[in-house]
Amino acid sequence: MLRRLLWLLLLLAGEAAAGAVLSAELRGGPAREVSPAFLSLTIDANLAADPRFIPVLGSPKLRTLARGLSPGFLRFGGTRTDFLIFNPEKDSTLEESNFGEPQADQGICGVRSIPTAVEELLLSQWPIQEKILLKEQYWKKYKNTTITKSTVDILYSFAKCSKLHLIFGLNALLRKGGLQWDSSNAQLLLDYCASQHYNMSWELGNEPNSFRKKSGIYIDGSQLGQDFIHLYHLLRSYSSYKNSKLYGPDVGQPRKNTQKLLRSFLKSGGKVIDSVTWHHYYVNGRSATREDFLSPEVLETFITAVNDVLQIVDGTVPGKKVWLGETSSAYGGGAPRLSNTYVAGFMWLDKLGLSARMGIDVVMRQVFYGAGTYHLVDANFEPLPDYWLSLLYKKLVGTKVLKVGLKGADPKKLRVYLHCTNDHNPMYKEGDVTLFLLNLYNVTKHVQLPHNLSNKHIDEYLLLPHGEQHILSRSVQLNGHVLRMVDNKTLPALTKKPLPPGSALGLPAFSYGFYVIKNAKAIACI
């Protein structure tokens, strides 16, 4: 018995010490190239379900956090998109009025901050509103809400001053006789946005595959395609929007009926959209477990979903770019005590790696700030682990994807991705590459660089959980330093840890990190 136990201990020690070896293709061109706005954000339209809460977007802290993730798109969309009515004559809410007008000579970003008293009041009332929204989502019973010019102004100001490009989702459930889209309300909104010279892009509707569940209205893909053509021509009638972008149809998970809807939509109206958008979540937030978040098999299901969508697009509108128009870990607002913790980073970082590798051009993270637990920033404006992970990704990972392989470990449990380093990062130069790794083993894994990189200096950015909750912590440390904002207008320094040439990369059990390999001289990155 003792001998067997000793043998098992030796086996485990051997597994922990055994190194995996990378292979990297650095001589050829990039395997893929994605948009500079690859990692983008969403604000769910349910934030406007009660427009009193829209002024929270005037928080200087929230804007600082959003600006850290620029450049990118900011999609204002979600289920509530199809229940918002724009009324230019309606008075603003008291909270919207208190938000303030632009200060003289400062333009739209001269809007004064939301008054502290108003911010504190809204934050104290938000938990009640959040419960209402999540209950509404659970029962799929929605009421129309009226938004005003101030709602649009605050939203646009937040996007522009955060250096993000706003994509506004229009209500697709407004129908003439139950069939054709009624564009009269969209025209009111377009009239106002054009009068303000707002530079923005557009969508129409959210998850049309579930319209019947939400509203009792069924719209097939062919009709939706005709509605998009109608919107396309409407946009061309405005000098401000004749060249604006149109994205859609924002279908949900590519199950059988949704695939059918997407295919018929693209055949009917695919020619007028600039990118095809679809949504993906791994699991149901109400039943998801810690094990789901650490499961290689769950992560691999994303590959099947991507292939299903790409096959439909290639068969109908070949060459059209494909975007993940809304995505996160778990649907239904996220998985409590999971989607807002360190463990959620495995799903998020792997999705970014796979999306770029497979040819998804933009990935929009649901949600930057808002109801549920899958947000990047919590209800008190505190950044969560996935925020810091996104910030590191933005700073270190470039748009060009390189081929990388792994020997000596299961590639489903030790997941590796390689890109050119972000060429806007002043610390690095052309030819540098960024490797990011996820260790789903329950032991430390060591990774050896290939011979052609063994003499290169490496900067390590290892993200680990901070505190007694371990991987269920809502706080993270980078190379041993806990990440916190310096103040409301200052993000912390992302401090590297230099590793000497020839070092093996040591990734603790259930962890992830980035490694910038300097002077790699990758041809694709020069």
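Glutamate 136 touches Arg80, Lys141, Tyr142 and Lys143, residues up to four places away in sequence not being counted; contact here denotes heavy atoms within 4.5 Å. The structure is a predicted model, in which local features need pLDDT of at least 70 and side-chain atom pairs count only at pLDDT 80 or more, whereas totals for chains, interfaces and linings use all residues. Residues are numbered from 1 along each chain as its sequence is written, and side-chain values use heavy atoms, with hydrogens and water left out.

Glutamate 136 belongs to helix α4 (residues 116-139); helices (H or I, at least four residues) and strands (E, at least two) are DSSP runs numbered from the N terminus. With a relative accessibility of 13%, glutamate 136 counts as buried, the classes being buried under 20% relative accessible area, exposed over 50% and partly exposed in between (1.4 Å probe, protein chains only). Its side chain makes a polar contact of 2.6 Å with the side chain of arginine 80. A polar contact is a pair of N or O atoms within 3.5 Å; within protein, one must be able to donate a hydrogen and the other to accept it, and residues adjacent in sequence count only if both atoms are side-chain atoms.

Threonine 373 lies in the loop between β14 (362-365) and α13 (385-396). Its C-alpha atom is separated by 5.0 Å from that of glycine 334, although the two residues are 39 apart along the chain. Beyond residues up to four places away in sequence, threonine 373 touches Gly333, Gly334, Ala335, Pro336, Ser339 and Asn340. The side chain of threonine 373 also reaches the backbone oxygen of alanine 335, at 3.4 Å.

Helix α6 (residues 184-195) comprises 12 residues and reaches 17 Å from its first C-alpha to its last, close to the expected 16 Å, a span defined as 1.5 Å times one less than the number of residues. Asn185, Ala186, Leu189, Leu190, Tyr192, Cys193 and Ala194 are the buried residues of α6. An α-helix has 3.6 residues a turn, so residues three or four places apart point the same way. The cover over the buried residues of α6 includes β5 (84-86), α5 (149-161), β7 (164-170), β9 (180-181), β10 (201-204) and α8 (221-236). Following α6 is histidine 197, with a positive phi near 60 degrees.

Grid points are joined across faces, edges and corners, and a volume is the space filled by probe spheres set on the points. The structure holds 3 cavities of 30 Å³ or more, and the largest cavity contains about 110 Å³ of space. This largest cavity is lined by 14 residues, of which Leu84, Leu170, Asn171, Asn185 and Leu189 are the closest to its centre. At least two lining residues each come from β5, β7 and α6. The lining of the largest cavity has 10 nonpolar, 4 polar and no charged residues, where Ala, Val, Leu, Ile, Met, Phe, Trp, Tyr, Cys and Pro count as nonpolar, Asp, Glu, Lys and Arg as charged, and the others, Gly among them, as polar.

The second largest cavity, of about 40 Å³, is lined by Tyr282, Ser328, Ser329, Ala344, Met347, Trp348, Lys351, Arg365 and Asp386. Two or more of these residues are given by β13 (321-331) and by α12 (344-358), with α12 giving the most, 4 residues. By class, this lining divides into 4 nonpolar, 2 polar and 3 charged residues.

The largest pocket has a volume of about 1,200 Å³. Of its 40 lining residues, Lys140, Glu207, Asn209, Ser210 and Lys213 lie nearest the centre. The elements giving two or more residues to this lining are α4, α7 (211-215), α9 (256-269) and β13. Its lining comprises 11 nonpolar, 16 polar and 13 charged residues.

Note on methods: On a 1 Å grid over the protein atoms alone, a cavity is a set of points where a 1.4 Å probe fits but cannot get out, and a pocket is an open set with protein on both sides within 12 Å along at least five of seven lines; lining residues have an atom within 4 Å of a point.
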